[in-house]
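Dear colleague,

I am handing over the structure below, and I would be grateful if you could look through it alongside the notes that follow.

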Amino acid sequence: MREKSNSLFKQNSQQPHVFRGGEIKVMKKKIAAFVLATALVLPISVPAFAATPSDVVGKPVQSAVEELTALGIIAGYEDGTFKPDNTITRAELAKVIVIGSGNEGAAKLMQNVKPTFKDVKANVWYTGYINAAATKGFILGDAGTKNFRPSDAVKFEEVVAVLVRSLGYQEKKLSGVWPYNYLLKAEDIGLFNNVDLNVGAKAVRGVVAQMTSNTLNAKLVSYNVDGNEVLSNSALISKLGNTSSAELLAASVVDGKVKLRWTQKNTAGNDELKTDTIATASNFIVTGGKSLVDLLGHNVTVVKNKDGKIVAITDAQDTAATLTGTLEADQVAGSVKIKVGSDVKTKATVASTVYFVNGQETALSTASTGDTVTLYLVNDQVRVATAEKWSIKDALVTSVEEKTAYRDARVNTNQTSAFINDSTSVTIDGKVAKVTDLKKDDVISVVSKSGNVAIKVVVVRNTATGKLEFVGSSNGTAKYTVAGKVYEKTANAVNGDIATLIATNVGKEFTLLLNADGKIVKATAPEAAVNKPFVVVLEAKPAQQLENEEFIQKTKVTYFDVKANKNEVKYTDFALLAKFQAVQDQLVELVFNDSKLTDVTAKTNVKDAGYNVSKVSATEIVLDTPSAANPTKYIINANTVVIDATKLGATDLADRKLVVGTLAQVTRADKVYVNASGATANYIILKTDTDANAEAGPAIYGLFVSADKQSSATTSTYTVTLNVNNQNVTTEVIGAAFNNLNDNNINGALKNKIVKLVDLENTSKLYDTATVVGTALETITIANSQNDNTFGSDNGNYILTPNTVVYVISTDGTVYTGTYTDVKDQKGTIGSSTSTASSVTVATTGSKYDGDFNEAAVIVIKRK
């Protein structure tokens, strides 16, 4: 290490320099705990294993910190942090590179050796590391002074020089002057991947960790007799222990072991293939932020500890020996035929060729025409072939559910959903990512195994913007020209997502969401400067308005603006007078173009008395329309707005004061109107407020827990306990209700059965009936025309409302609350080989929405 002074260097010292590297990668956590070495801190007493340091979780440097901690190269602090923004001393860097290059044994041997540098103390914690680093030529010290300055903070370019030297590069062979000779070489070999350069600044722990991780995966170099560089097939990580080369034949760790295949000499001295499963160490890591599934079929470097257990696996696959395409239909024995671009290529197989489909070792015949296939070649022959059947292809992310104590994380799309666990490979634009990095409308493709468990998630954030110039077709394929480039839609594009790409929109600006092949998944046009507020029109009349020193005949509109919660007055064209007078005393949608009132659309007529409220709660309202015997029921959610319009009928305009109210104002026997979208109430317009009391004793649905009886000398008390929304709720019932359940609960037969408790009118305050309810479904269908809370079945159509509770019973008997997605995942025949559930049972409330959809009170999904 050394530091030189020159004016150019000083001038640029505060300006970050960016070479190659793009976005910083984040490694999905592969291991639950890591060995804590003491490379960047003085020796401290810590547990043998610790979780990822809290201050790097979710940060760009997380991958590198996890990797180096697992390999024993760096360590965190006692308080569970890593402090990635803290500086690092020159002595600490010496320790990092000595351990990282596999020279820790040399450091121990040189601990008591007289220091190379005059300012390095003898026999202190850093002595051996500095001596070893100097002997190996990793550090040089200050020119002319024989000082090392071990306690000084190390600068960015000094770190770069040490890392480049650790790979075998010699300063005299590098082009340029200090420090750019090292910076240019580091940039050329990828040491700056995911790092922002800051030449002249003090290096921080996070940056050192990232660059050290990059260096471990870089190739070693030597020089031939002519002084030319000779690039090794081995990376620096091969210096860390007993290393070997092998083929990876496993997409995940199974029972603590990884399946590998390698070449070894037999007793006759001939090469033979050996396949075996090798145990992994507790601090096992896949370097480079990757998952095993990413390296399936690859040549890898395997690092083992002294016990023969695998500590690390590093990708060593030669990209020139791989071929990726799509599987052709007419396969011939002894070869694999794939289409690469527009070319069809056939490669011979050998007796030892291994095939994988969706990460599972199997026959290639289980793959389908068009599946993505990668061939790994030796001497141009296939040794491993991996096929991927996309369960989700070019979909759009709709939501992401984080991992809970009962299930893995789940990503939901406009096609279906998939569970994501710690073994799942997640990438965004080719960079390692986490499930929490996914965003709504990301273009996503998923490879899954049984149970909708994803083994690979590939996200593409590829967009194009510009004016739509032409809409046409060629050979039956729709073509769209945007900003001079012609696009097609993907085969899986949802019509509603590209519906705006029509000839009448030519000339408008569009944003296209594209898949990896540049095809359109979704097209959106920026919204025009159009405002469409919901209002209640109070009055519309002719009036004059002064414009350009002239009185112009206009239409004066007075209305109650729901969002603003106040009356407003606007003038519009006189030609619209009749149209606005026709919607007086109605809830309407106004149209403003650039603040000018230009149109009106009637929504709900609220002029008359309204409809009688027979029931209202925080989640629903029931109206006696068209009759009390055939009521209409609406869902109430957080977006439902109540408008107090009880003064709408006042004679004077000044007295017609409307106000946004609260749901508490709406009670049984009130008169209201409801504006709804499907079954969900958007606006409840209160016309007559009777202040009646809301009814009590709603039906209770839940999963049976117990039926209990407590008796004294004179009386008995009966209770039923149900699991209601994952909480045990105990309700007092009459004796007959208790007996009905107790008599049927022989040997716990009612465990997790759906029970309905009913409180009859004009009886005691106790619940009167307790019955087991529910219908077992055989099939579930999800139609394109159905909303995201409805589904079909062999027993009719159902709708999930805020009142609906979905229970999922896992294979170990654990019960947790689910969502509509859990129901949607059961699409198809329940209990079939492809279904994840052994049974699905539905109990309804007896109410219907939109005429044909039965409201589900409880849905129970029992997993296999």
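The mean pLDDT of this predicted protein model is 86, and 91% of its residues reach 70 or more, pLDDT being the predictor's confidence in each residue, from 0 to 100. Over residues 1–50 the pLDDT is below 50, although this stretch has 165 contacts in the model beyond near neighbours in sequence, a contact meaning heavy atoms within 4.5 Å. Where pLDDT is low, the predicted coordinates should not be read in detail.

Residues are numbered from 1 along each chain as its sequence is written. Because the model is predicted, local features need pLDDT of at least 70 and side-chain atom pairs count only at pLDDT 80 or more, while totals for chains, interfaces and linings use all residues; side-chain values use heavy atoms, with hydrogens and water left out.

Five strands close into a barrel in the order S5-S6-S7-S9-S8, with mixed pairing; strands are DSSP runs (E, at least two residues) numbered from the N terminus, and two of them pair if DSSP finds at least two bridges between them. Strands S5 (residues 242–248) and S8 (residues 299–304) run antiparallel and are joined by six bridges, and Ser-244 has Val-302 in S8 as its bridge partner.

Turning to side chains, both Phe-117 and Phe-148 are buried (under 20% relative accessible area, with a 1.4 Å probe and protein chains only). The charged end of Arg-90 sits over the ring of Phe-148, 4.9 Å from its centre, where sitting over a ring requires NZ of Lys or CZ of Arg within 6 Å of the ring centre and within 35 degrees of the ring normal. Likewise, the charged end of Lys-393 sits over the ring of Trp-390, 4.8 Å from its centre.

Key
Helices (H or I, at least four residues) and strands (E, at least two) are DSSP runs, numbered from the N terminus. Buried means under 20% relative accessible area, exposed over 50%, partly exposed in between (1.4 Å probe, protein chains only).
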